[in-house]
Amino acid sequence: MSKAIRTTSGIVMFNDDITKVFLVTSLKMENTWVFPKGGLEDGLTLEENAQKEMKEEAGVAVTLGEMFFDKEVHYPPQGVHAGKVQREVYFLGSFLSYVDWEEFELRKRAWFPIDTNLGVLLTPIQRDVLAHALVAARKARAGEAVVSL
């Protein structure tokens, strides 16, 4: 019997001129930064779940923008973590305010300039999400339609 594919949703947030991106430290991989995301909880929509994860993992309330990424992602086994397949959905988000956050003792949060070498901080999958997010954010800023991958 095959295991159900887990669905996650998260948010990628840029500053107003799309020169910086907001990241949090990973709890699973040392020296790795990620976009806030988490497993879809019962009773929540993808959008509600993404906003909840942003508050829990980053302590940020956001205005939700367009969905730009909806893809089945295959993770190979790594260390003690088994391989897995999960559906990952990402939305653009705009900063509203900092809020109390559950994981403040576990994670760091920071804005990173887009022109820095983010490749050394992000996993290959997160680099792919960032590339799609940049295209989507620039289209949204120009008033063009954003199409989900």
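This is a predicted model: local features need pLDDT of at least 70, side-chain atom pairs count only at pLDDT 80 or more; totals for chains, interfaces and linings use all residues.

Me: What makes α1 a helix, and how does its span compare with the expected one?

Reply: Helices are DSSP runs of H or I with at least four residues; strands are runs of E with at least two, and both are numbered from the N terminus. Helix α1 covers residues 46-58, which is 13 residues. The expected span is 1.5 Å times one less than the number of residues. From first C-alpha to last, α1 reaches 18 Å, close to the 18 Å expected.

Me: Why is I18 called buried?

Reply: Buried means under 20% relative accessible area, exposed over 50%, and partly exposed in between (1.4 Å probe, protein chains only). I18 has 10% relative accessibility, so it counts as buried. I18 sits in the loop between β1 (6-13) and β2 (20-25). Its phi is positive, near 55°, and I18 is not a glycine.

Me: Is N31 buried or exposed?

Reply: N31 is exposed, because its relative accessible area is 64%. N31 lies in the loop between β2 and β3 (33-34). N31 also has a positive phi, about 60°, without being a glycine.

Me: How do you know that E41 and K52 form a salt bridge?

Reply: The term needs a side-chain nitrogen of Lys or Arg within 4 Å of a carboxyl oxygen of Asp or Glu. For E41 and K52 the N to O distance is 2.8 Å. That meets the cut-off, so the pair qualifies. E41 lies in the loop between β4 and α1, and K52 in helix α1, so the bridge ties together parts 11 residues apart in sequence. E41 is partly exposed at 38% relative accessibility, whereas K52 is buried at 17%.

Me: What separates E56 and K52 along helix α1?

Reply: They are four residues apart, about one helical turn. An α-helix has 3.6 residues a turn, so residues three or four places apart point the same way. E56 forms a salt bridge with K52, with the closest N and O atoms 3.4 Å apart. E56 is buried, with a relative accessible area of 18%.

Me: What makes the largest nonpolar core a core, and how many residues has it?

Reply: A nonpolar core is a set of buried Ala, Val, Leu, Ile, Met, Phe, Trp, Tyr and Cys residues joined through side-chain atoms within 4.5 Å. The largest one has 25 residues. Those with the most contacts inside it are V12, F14, V21, F68, L118 and L130. β2, β5 (60-75), β6 (84-98) and α2 (124-141) each supply at least two of its residues. The largest share, seven residues, comes from α2. A second, separate core has 13 residues, including L46, M54, A58 and F91.

Me: Which elements do the buried residues of α1 pack against?

Reply: They pack against β1, β2, β4 (37-39), β5, β6 and β7. Contact here means heavy atoms within 4.5 Å.

Me: Why are β3 and β7 called edge strands?

Reply: Two strands pair if DSSP finds at least two bridges between them. Three strands form an open sheet in the order β3-β2-β7, with antiparallel pairing. β3 and β7 (109-113) each have a single partner strand, so one side of each is left without a neighbour in the sheet. β2 and β7 pair over five bridges, and L23 stands opposite A110 in β7.

Terms used: Residues are numbered from 1 along each chain as its sequence is written. Side-chain values use heavy atoms; hydrogens and water are left out.
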